[in-house]
Each structure stands twice: as C-alpha cells, then as structure tokens.
Amino acid sequence: MDKIKAVVYGAGTIGQDIARFMLDKGVVITDAIDIENVGEDLGSVLDIERDLNVEIREDADAVLDETGADIAVVAVATKMENVGPHIEKCLEAGLNVITSSEEASYPWSTAPGITAKLDRVARENGVTVTGSGMQDLFWANLVTALTGASQEIDSVEGRLSVNVDELGEMVADFYAVGRDEDEIREMIEAGEDFPLGDEVDFLFMDLENQISALGLTTKSFNKVVEPITLDKDIESKALGEKIPAGDLIGLDITFEVETQEGIMFEGTQTAKVYQEGDEDYNEWVIKGEPDIHMRNENPPTLLGTSTQIVNRIPDVINAKSGYVTIDQLPMLKCKVRSLEHYLE
C-alpha cells in the first residue's frame, strides 16, 4: 500500500506542527513551500534531529509543477481572498487540498465567488478542497452530533473564549487590544468590520456548518460587537506593554442567525487579554426537548488545529471532487494507524 505524499504549503507555527504529525502518521512529505527559511531542510526547521531531504522553496509554481504529491496542506492565510490563489495553484496541479484557513471551513456565505471558482477548478482536476482545524470538531461537528439526542430544537447557543496573549501581537491587533474605547465604539457605529485585518468571523462559519449539517437554511443574521475593558491596568504579553484602565483588552463578537425553519443559532467569541483565573473554554447549549449542555475547559485550540487537519487527510482524499465543507465529511476520528490504511 502506497504512502500518502504531501506538500507542506506554509511552514510557520501551524504548518510545522502539521508536518510533525503527518510524519508520525506515515505521510511522506515531498515538498515544502514558504517565504521563510528558504533553502533549509524541512527536518532542520522542524527540529526533529534528522534531515528529510526536503528543501524549503519559495517558488510555489516550480514546486507544484514538479511534485508527485497527493495532497497539499495549505497554512498561509486566514481569509479566502488571500488563501484562495494558493489553493487554486494546488488544485490546478492535481493536488487535493486541506487548509487551516478558518473561513475555508464554510466559505459559501462569505466568499461565494472565490468558493465557486475553487469548486469548479477542483472538479475539473478531479480533486477535493476542504478547510479544517479546531473548528472541525469542537465548534461544528461535535455540536451537531449532540443534536442526535434531540426530539425538537428551539435554538443552538455557543460561547468560546481565547487568550490573545497566547496568540501573539498580530491577533491582539485584530481584536483592537490596547485601543481607546471611544475610538472603537465610533468605528463600530460607523460599520467598521471586526476583527480588523486578516482575521475572520470564524464562529459564523461554524454556525453555518451546523445549519448545513442539519439540513436547515439560513434566513438572516445579525452581528454585534462589544468592546471589553477593565477598570484597572493590565499587562499584555502579546503587545509587550501595559494596557491602561479603560482601554480595550479585547472584543466580544456575537452572531445571531435565524433559519427558515425557525431554529435560532447564536454564538459569541471572546478574544481578550486574560486576567488571573481566566481560561479558554468552549460551551454550547442546545435548547429544546431535551435541553443539552456541553462545556470543554481549556480545549486544545492551537494543537487541536493541527491534529484535526492531519486526521482529516484521508477523508479529503476519499471525498468527491469539488469544494467539500466539513459538514459533508465523515465523523472526525483519530486515525491510529498510518494514514494510507484509511484510503478507499
């Protein structure tokens, strides 16, 4: 049985974790693409104490023209408008694609034009493209699986919290950390989109995945952004400075989605600088008959992104051609054997 061959497209923090986990699961990494560490052996960058004879190269077109891989793991950007061209190159080269882009898990609502184009290119080349990561299980499929215990559903309500200090300065900037409250409220009232920059409303995609998985249809949605402040100073590791009392330590972003069938979906993502005692959590309540409550304390947000992507690789290769969202894939499970054993 032939091993699965993969291209690492983006060898930053997430890409490196994915690469290590792929090697553990028997995947042969044939190529690596990045604009950092160009010319270095991927094994050295991964710090695995052995060379892989895979040179990190910057010229994606040249790599993709030469590769004999089965799948590309793309970890270069968050928004579809930024990651889309990279995905398209891989599809045109005849590679299946799985990406860590949060928006890619369900981009039909937020980036329909880009998604339709990628769907067409994938079908023309007989390959599949999917977005996966932490959202796959914890924020989408685990929630819809719990509805299997429901006789009736009135609403699905979720809340999750992440510590921007653990995610770095760029993410802190996305969530307006350290900004003046009045300035940010004026931006909200003016219709400014939040998060800022290259971040996306990933929880909205998760609600859309849930709605699609349940065979429902989105009717309308509303978004509410609320600045988070403290009445005392707090140190921010991400910014490397003290945030004065009254300035933002983050944002609460809430999505309210009404379906044609009358079931309401609501989710709030909190991204902020943590005080002592704060911790990540993932909590969902399904109201109906019966009510169902789930809460995960300290879910493995960063590591779980990489492990879920690796466990999805055989599912993507096995899937029908085109753009396949995670609600259309099989239940996500740990692949305990070498990944080629799960190919159909």
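Which residues do ring pairs link into a cluster? In this predicted model, ring pairs join F204, F221 and F255. Local features were considered at pLDDT of at least 70 and side-chain atom pairs only at pLDDT 80 or more, whereas totals for chains, interfaces and linings use all residues. Residues are numbered from 1 along each chain as its sequence is written, and side-chain values use heavy atoms, with hydrogens and water left out.

The structure holds 4 aromatic pairs; rings of Phe, Tyr and Trp (its six-membered ring) pair if their centres lie within 6.5 Å, and planes under 30 degrees apart count as stacked, over 60 as edge-to-face and the rest as tilted. F204 and F221 form a tilted pair, with 4.8 Å from centre to centre and 40° between the planes. This pair links distant parts of the chain, 17 residues apart: F204 belongs to helix α9 (residues 202–213) and F221 to strand β8 (residues 218–229). Helices (H or I, at least four residues) and strands (E, at least two) are DSSP runs, numbered from the N terminus. F204 counts as buried because its relative accessibility is 6%; buried means under 20% relative accessible area, exposed over 50% and partly exposed in between (1.4 Å probe, protein chains only).

The largest nonpolar core comprises 47 residues, and V164, Y175, F194, F265 and W284 have the most contacts inside it. Strand β11 (residues 248–259) gives the most to this core, with 6 residues. Another core, of 25 residues, lies apart from it and includes L64, A77, V83 and L95. Such a core is a set of buried Ala, Val, Leu, Ile, Met, Phe, Trp, Tyr and Cys residues joined through side-chain atoms within 4.5 Å.

An open sheet of 7 strands shows parallel pairing in the order β3-β2-β1-β4-β5-β6-β15, where two strands pair if DSSP finds at least two bridges between them. Its edge strands, β3 (56–57) and β15 (322–323), each pair on one side only. Strands β4 (residues 71–74) and β5 (residues 96–99) pair in the parallel sense over 4 bridges, and V73 stands opposite I98 in β5. Helix α10 (residues 301–318) packs on the sheet and touches β4, β5 and β6 (128–131), its direction making about 150° with that of β5. Contact here means heavy atoms within 4.5 Å; axes are lines fitted to C-alpha atoms, for helices over the stretch in contact, and angles run from 0 to 180 degrees between N-to-C directions.

G94 is found in the loop between α4 (80–92) and β5. Because its relative accessibility is 34%, G94 counts as partly exposed.
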